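Trainee: I am new to this structure. Could you walk me through how to read it, one feature at a time?

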Amino acid sequence: MLWPIVLGVLVLGVLLAIYTYNSLVTKRVRVRNAWSQIDVQLKRRYDLIPNLVETVKGYASHEKETLERVIQARNQAINANGVAQQAEAENMLTGALGKLFALSESYPNLKANENFAQLQEELTSTENRIAFARQHYNDTTASYNTACQTFPNNLLAGMFGFKLEEFFEIEEPEMRDAPKVTF
Amino acid sequence: MAVETFHDQIAHNKRNSFLLIGVFMLLFIGIGMLIGMVWGGGDMTFGIIVAVIAGIIAFALTLFSFYGGSGALLALSRAREITHKDDPQLFNVIEEMTIAGGLPMPRIFVIDDTAMNAFATGRDPAHAAVAITKGLRAKLNRDELQGVMAHELSHVRHYDIRYAMLMAVMVGVLVILCDVFLRSMWFGGGRRSNRDREKGGGGAQLILLIVALVLAIIAPILARIIQMSLSRQREYLADAGAVELTRNPRGLASALAKLSGDNEVLEVANRATAPLYIVHPIKKFEARAKGMFSTHPPIKDRIERLMALGN
């Protein structure tokens, strides 16, 4: 009489474990995917910059210093190793781009250029995308971490080595705000 | 029943969509049987035959509603699909929101109308579409546009679009069918009444009259049901969901303020499609502001709730 009950409980337990394991895997995949999304958006910014520099050159070729700083910051960001260095390089790039757009104020012809207006919109959007991709990464990480730590998932998470993921945090306050490019 | 999180909302919408399909098919078979019995002069077997045919038609219509519903609604609203080239900023804003929500990119449509409105439709996030009127597109700045698109994508994310789409298409079909049947009776009625007179029975004619009355009442009631079942709760949840995506309640709040000042009627909207829109497309703006219509909560109230989120 006892055996069927024990067997039933065991089967239920196994089913629950399978379900929990699969949902943890799904959430972890989402976190990884969200992380790679950030890189996609960063790359989009790198790709836009040469185009932007070329356009500006046509109207303000003697602002060489600012243009070179943008190119340099871009190359540094592409070649950066490690999270801290990467963050620093991205920060520099944002600053250099801000200067470039501030400079465009004094070139009415440049501002009137359709191509430039288009690049401005694309760059604004890219800055937003990077910020939203980071936000989405943090959202999925929060969801995954909560799932790992709540009972009874935490038992399974420990057993199968589901480690907590780190949040994307930015130390400098000026980087936390979406970079303000004033036109 | 309170809906707590957006996961609950998704489950809620999927369940309701399923129930809706069931009710629709039963109603369709029921009406088919009724019509069959009337046409057959109270003959039960003829009623059943028509009911079976009605069941097959209902099944086909369900498939059509599910897979072709969004296309039909977009065509009905005279929405035109656009590409990135046509409006880069609109595409960028929507893509930013899909990144924030981890959603696939929807198809984007424009409605050539100066009235200000927008809606989303589709059966799931992978088959979604967002439409915006030219009037609204022209009057919003980037932040406001982002708020509105975040609201629409929240409807997509919550599966509100599936339920609203099925509701709009199925109710639309039922209303049209009731109408067609009523008209068909005015023509068929005369012939049958002659035959009845020969048989000496006025009973069938009486049934005919009753059915006609019932159907005449059903059509407007059905339109009312759509309004009631698409609760205000959805709109509040989509507003909150929009802030979850943008983290900026001011964008949507200021867009809603602009929308509340618009008193133009959107010509392409009708009673069946009205609940899909971000603000009620038919009622005048005084009514919108006071919120007398159950599908959409008062805009003033929505703005207040949004601003409370910002604190």
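**Reading the model together**

Mentor: Let's begin with confidence: chain B has a mean pLDDT of 81, and 80% of its residues reach 70 or more. Here pLDDT is the predictor's confidence in each residue, from 0 to 100. In residues 189–201 of chain B the pLDDT is below 50, and this stretch has seven contacts in the model beyond near neighbours in sequence. Two residues are in contact if their C-beta atoms, placed from the backbone, lie within 7 Å. Where pLDDT is low, the predicted coordinates should not be read in detail. For the complex, the predictor gives an ipTM of 0.79 and a pTM of 0.83.

Trainee: What ground rules should I keep in mind?

Mentor: This is a predicted model, in which local features need pLDDT of at least 70 and side-chain atom pairs count only at pLDDT 80 or more, while totals for chains, interfaces and linings use all residues. Residues are numbered from 1 along each chain as its sequence is written, and chains are lettered from A and ligands numbered from 1 in the order in which they are written.

Trainee: How many helices and strands does chain A have?

Mentor: Helices (H or I, at least four residues) and strands (E, at least two) are DSSP runs, numbered from the N terminus. Chain A has seven helices and zero strands. Its radius of gyration is 24 Å, well over the 16 Å that the globule rule gives for 183 residues, so chain A is more spread out than a compact globule. That radius is taken over C-alpha atoms, and the rule is 2.2 Å times the number of residues to the power 0.38. Along the principal axes, the C-alpha atoms of chain A fill a box of roughly 90 × 30 × 25 Å.

Trainee: How far apart are the end C-alpha atoms of helix 1 of chain A?

Mentor: The expected span of a helix is 1.5 Å times one less than its number of residues. Helix 1 of chain A (residues 2–59) has 58 residues and should span 86 Å; its end C-alpha atoms are 87 Å apart, which agrees. There is also a kink of about 25° at Ile49(A), shortly before the proline Pro50(A). Such a bend is the angle between axes fitted to the seven residues ending at a residue and the seven starting there.

Trainee: Which residues of helix 1 of chain A are buried?

Mentor: A residue is buried if 20 or more other C-beta atoms lie within 10 Å of its own, exposed if 12 or fewer, and partly exposed in between, with C-beta atoms placed from the backbone. In helix 1 of chain A the buried residues include Lys27(A), Gln41(A), Arg45(A) and Ile49(A). An α-helix has 3.6 residues a turn, so residues three or four places apart point the same way. The cover over the buried residues of helix 1 includes helix 2 (64–79) and helix 5 (114–149) of chain A, together with helix 3 (88–101) of chain B.

Trainee: How many residues of each chain are in contact with the other?

Mentor: Eight residues of chain B are in contact with 12 residues of chain A. On the chain B side, three are nonpolar (Ala, Val, Leu, Ile, Met, Phe, Trp, Tyr, Cys and Pro), two are charged (Asp, Glu, Lys and Arg) and three are polar (the others, Gly among them).

Trainee: What span does helix 2 of chain B have?

Mentor: Helix 2 of chain B (residues 44–76) spans only 39 Å between its end C-alpha atoms, whereas a straight helix of 33 residues would span 48 Å. Helix 2 of chain B also bends by about 70° at Gly68(B). Its buried residues include Ala54(B), Ser65(B), Gly69(B) and Leu73(B).

Trainee: Which backbone angles should I look at?

Mentor: Most residues other than glycine have a negative phi, and most peptide bonds are trans. Arg78(B) has a positive phi near 55° and sits in the loop between helix 2 and strand 1 (79–81) of chain B. Because Arg78(B) has 14 C-beta neighbours inside 10 Å, Arg78(B) counts as partly exposed. Phi of Arg247(B) is also positive, near 55°, and Arg247(B) lies in the loop between helix 8 (232–246) and helix 9 (249–260) of chain B. In chain A, the peptide bond from Phe151(A) to Pro152(A) is cis, with omega near 0°.
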